Amino acid sequence: MESEAARLLDAVDFAARKHRYQRRKDPEETPYINHPIGVARILTHEAGITDIAVLQAALLHDTVEDTDTSLEELEQHFGAQVRGLVEEVTDDKTLAKAERKRLQVERAAHSSPGAKLVKLADKLYNLRDLTRCTPKGWSEQRVQEYFQWAAQVVRGLQGTNQPLEEALKQLFEERGLSL
């Protein structure tokens, strides 16, 4: 049986290959892979998560949404549990952006515990990034609107992980928002 470390490294390698040409929208255009690695790191270092399937899902959470990866491919490589977690946190890109955002708010409270963890860590990473710098082409108003929308999503995820929720609460308060 494959070790847990090997399973994590397989997910890192898969995600790195799938995201290899992508960049973040920050002024430095950091490699996109930094994001899923950062989300997994938040889960281990700040939330105390050791569940390998959840950590793999964190590493793979944007592959279906943002690359040519299919859910079937994920299941073949990483199993049904990881596929299910990634599926729960993946937006349907055939829908309009406003509808995708609405569905994230609506579905948050009904997500599985593992998917909620990935969502919380993903939002925390993105909000910290937005606090650090404004993405290229974004106005301060757009940043504030993202924070407002993220607060709506996070409200539905409450009761999942206190350290993550406290860190998010602090970021929202710094922006004049509450949960």
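1. Contact means heavy atoms within 4.5 Å. On that basis, P36, I37, V39, A40, L43 and T44 in α2 meet V54, L55, A58 and L59 in α3. The residues of this contact comprise 9 nonpolar, 1 polar and no charged (Ala, Val, Leu, Ile, Met, Phe, Trp, Tyr, Cys and Pro count as nonpolar, Asp, Glu, Lys and Arg as charged, and the others, Gly among them, as polar).

2. This is a predicted model, in which local features need pLDDT of at least 70, side-chain atom pairs count only at pLDDT 80 or more, and totals for chains, interfaces and linings use all residues. Residues are numbered from 1 along each chain as its sequence is written, and side-chain values use heavy atoms, with hydrogens and water left out.

3. Helix α2 covers residues 34-45 and helix α3 residues 52-60 (helices are DSSP runs of H or I, at least four residues, numbered from the N terminus). Their axes lie 7 Å apart, at an angle of about 150 degrees (axes are lines fitted to C-alpha atoms over the stretch in contact, and angles run from 0 to 180 degrees between N-to-C directions). α2 and α3 are therefore roughly antiparallel to each other (angles under 35 degrees count as roughly parallel, over 145 as roughly antiparallel, 65 to 115 as roughly perpendicular and the rest as oblique).

4. For helix α6 (residues 80-89) and helix α8 (residues 113-132), the axes come within 9 Å and cross at roughly 55 degrees; the two helices are therefore oblique to each other. L85, E88 and V89 of α6 make the contact with G114, A115, V118 and K119 of α8. By class, these residues are 4 nonpolar, 1 polar and 2 charged.
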